[in-house]
Amino acid sequence: VPFAGWSLPLHYGQGHLQSHLHTRRHCSLFDVSHMLQTLVYGRDRIRFMESLVVGDIAELKPGQGTLTLLTNEKGGITDDLIVTNTSEDHLYVVSNAACADKDLAILRDRAAQLQATGSDVHLEVSDNALLALQGPSMARVLQAGLLDDLAKLSFMNSISTTVFGVPGCRVTRCGYTGEDGVEISVPAARAVELAEQLLAVPDVWLAGLAARDSLRLEAGLCLYGNDIDETVTPAEAGLMWTLGKRRRVAMDFPGAAVIMAQVKEKPRRRPMALTGAGRAPFTSLYPHIPGTVTSGCPSPCLGKNIAMGYVEAAHSRAGTELTVEVRKKQHPAVITKMPFVPTQYYMAK
């Protein structure tokens, strides 16, 4: 199917349900090379990044990364990014494919502004491929091709290493499924070779866009363009945890005044998680309930419908019963807590 200018497979023959459940029980390989990878160099790289995002990039230890938000002057979310402070001499930034063009324009424009005032910062767009290996057997599968000890690599941490004989790879313990997983940035010329090495393990299946979407929804993870966009602020989206304490005090990121005012006054709408019966995705709340369904699907793991969206604060308490519309028919649903399925992120001891 078309996706942000790319042609992406929905599944690889096993079907969506089987692929989803295999990822939860074993391990799947996702080709996510459509995502934008940018390297930020220069002694002012942290100041540059913090002028655009809400996170505390300065506090990141070498090899540590964080989910952060690129915001606009109205407090809206321009994109959600993962920014890693590498152990080398640069920041490693991964952006959503749907936002790649606008993100790169913003990054380049800001870099030019700082360069014009004498700051030392410059960007390099990586042409590496990006492979995500996700699922409970990931560590066993990947460890066989690493000299590094994966048991020492915690969630949201990153190393530069050789993977199954392919040098120059960056392995970051993260993902978009809620399972233990890694994303491997690999030189494009050897990406197929690495993928074939991983797929030689019977436990590893290729997985496509359909499973990626249902897995992230079960894990309560937002999809940019559906659940968050430039009309939604971090306060409304329940993403205030991405704002570093120092950044809240300094209020030196785009849209800070709007966002912090919302925190003080409490947002009128709040994120919601819904569950209910039926096999077709929820499409909307029905009627007279001020809110929006932004993502929904039948949950392969739970055997019922799940959805994310926004609702007026007065209706947002877990346990609140609502009515939803599915194929022009009304069905009962209940607000619940996220994630729908417990996450399995790995924290090293």
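The lining of the largest pocket splits into 30 nonpolar, 10 polar and 5 charged residues. Here Ala, Val, Leu, Ile, Met, Phe, Trp, Tyr, Cys and Pro count as nonpolar, Asp, Glu, Lys and Arg as charged, and the others, Gly among them, as polar.

A word on the source. This is a predicted model, where local features need pLDDT of at least 70, side-chain atom pairs count only at pLDDT 80 or more, and totals for chains, interfaces and linings use all residues. Residues are numbered from 1 along each chain as its sequence is written, and side-chain values use heavy atoms, without hydrogens and water.

Back to the largest pocket. Its volume is about 1,200 Å³. A pocket is an open set of points on a 1 Å grid, where a 1.4 Å probe fits, with protein on both sides within 12 Å along at least five of seven lines; lining residues have an atom within 4 Å of a point. The volume is the space filled by probe spheres set on the points.

Which residues are the closest to its centre? Of the 45 lining residues, they are Leu67, Asp80, Tyr176, Leu221 and Cys222. Strand 5 gives the largest share, 4 residues. Strands are DSSP runs of E, at least two residues, numbered from the N terminus.

Now the second largest pocket. Its volume is about 360 Å³. It has 20 lining residues, and Ala235, Gly238, Arg270, Pro271 and Ser316 lie nearest its centre. Strand 14 gives the most to this lining, 5 residues.
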